[in-house]
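Reader: I am new to this structure. Please take a close look at one part of it, the aromatic rings and their surroundings.

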Amino acid sequence: RGTMLASLPSLRAGTRRRTVSGSPPPPASRRRTTSTTTPSSGRPRLSSPRRRSPPRDPRTPSFPSSAGGSTLSKKVFGKDEQQMVQAELTKQKNELKRMEDELKRLRDLTTLDFGENNQFLKFYGQCFKKVIEKYTYEICPYGQAKQDHTSLGNFHGLGDDRKTFLFTNGAKCWNGPNRSITVTLKCGSKNELGKVAEPSVCEYVADFTTPVACEESELEAKLAEYRALTGKGEAHDEL
């Protein structure tokens with residue numbers, strides 16, 4: 001009986017500790033979490049444990065997130081293989097550029113105004129240059145017009161008379177409008193850019209001689225003039 005009575009205080013103390021804590025202590029294997037107390041409810045709030053990322057395998061190559069094609073090829077391929085990949089990439093880019101240019105050409109051929117009976121179609125893709133005073137002028141019908149490296153405008157269309165090429169929206173003039181040029185087609189024996197003038201600030205005009213602009217009567221007059229100068233009129237008549 002003495003032994004039992006002596007053990008009663010320790011049993012009562014253990015019962016009190018369990019009653020106060022409300023639950024048995026967590027096992028040692030459970031992860032520890034930190035708790036904070038919210039000011040509104042006073043209840044403890046458990047924060048989620050931090051997750052550790054697995055260690056990286058040193059044999060696995062790492063690439064930067066913004067790596068381009070050349071950087072990626074340097075990491076994966078050797079020097080010879082890298083040159084092959086770069087050559088193939090350049091080839092594919094050139095092929096894509098060629099297809100885009102061809103698509104633009106087909107679109108232009110179906111949408112641009114080439115005059116009556118497509119008489120100006122032969123000018124598509126051609127450019128004509130001439131040095132006047134200290135400037136080099138370049139006119140590309142259905143393309144761009146330039147004064148040296150300064151843009152005089154992009155092809156806008158044919159004029160109302162159907163014998164002028166209009167180029168608009170060129171480089172901005174200092175304290176003035178965007179540059180523009182109107183090219184007038186005139187009858188001539190060959191395609192040649194003639195005189196260029198600037199009657200208004202940054203608004204240019206030019207002459208362009210071409211056989212395409214000749215009327216039938218003008219062609220006959222030119223032919224008669226040619227025969228008179230060369231003395232071959234009778235031989236041609238006999239033929």
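Author: What follows covers the rings, then some residues around them and in other loops.

This is a predicted model, so local features need pLDDT of at least 70, side-chain atom pairs count only at pLDDT 80 or more, and totals for chains, interfaces and linings use all residues. Residues are numbered from 1 along each chain as its sequence is written, and side-chain values use heavy atoms, with hydrogens and water left out.

Confidence comes first. pLDDT is the predictor's confidence in each residue, from 0 to 100. The chain has a mean pLDDT of 77, and 65% of its residues reach 70 or more. Over residues 235-239 the pLDDT is below 50. Beyond near neighbours in sequence, that stretch has two contacts in the model (contact means heavy atoms within 4.5 Å). Where pLDDT is low, the predicted coordinates should not be read in detail.

Now the rings. A pair of aromatic rings is described by the distance of the centres and the angle of the planes. Rings of Phe, Tyr and Trp (its six-membered ring) pair if their centres lie within 6.5 Å; planes under 30 degrees apart count as stacked, over 60 as edge-to-face and the rest as tilted. By this rule there are 13 aromatic pairs.

Take phenylalanine 123 and phenylalanine 208. Their ring centres are 5.7 Å apart and their planes stand at 85°, so this pair is edge-to-face. The pair links distant parts of the chain, 85 residues apart. Phenylalanine 123 is in the loop between α3 (79-111) and β3 (128-132), and phenylalanine 208 is in strand β10. Helices (H or I, at least four residues) and strands (E, at least two) are DSSP runs, numbered from the N terminus. Phenylalanine 123 is buried, at 0% relative accessible area. Phenylalanine 208 is buried too, at 2%. Buried means under 20% relative accessible area, exposed over 50%, and partly exposed in between (1.4 Å probe, protein chains only).

Phenylalanine 155 lies in strand β6 (residues 150-158) and phenylalanine 167 in strand β7, 12 residues apart. Phenylalanine 155 counts as buried at 17%. Phenylalanine 167 counts as buried at 1%.

Ring pairs link Phe114, Phe120, Phe123, Tyr124, Phe128, Tyr142, Phe155, Phe165, Phe167 and Phe208.

Threonine 210 is also in strand β10. It is buried, with a relative accessible area of 0%. Leaving aside neighbours within four places in sequence, threonine 210 is in contact with Phe123, Leu185, Lys186, Cys187, Gly188, Lys190 and Asn191.

Leucine 121 is in the loop between α3 and β3. Leucine 121 is partly exposed, at 36%.

Two loop residues have a positive phi without being glycine. Asparagine 175 has a phi of about 55°. It sits in the loop between β7 (164-168) and β8 (180-187), and is exposed at 70% relative accessible area. Cysteine 202 has a phi near 65°. Its loop runs between β9 (192-200) and β10 (203-210). Cysteine 202 is buried, at 4%.
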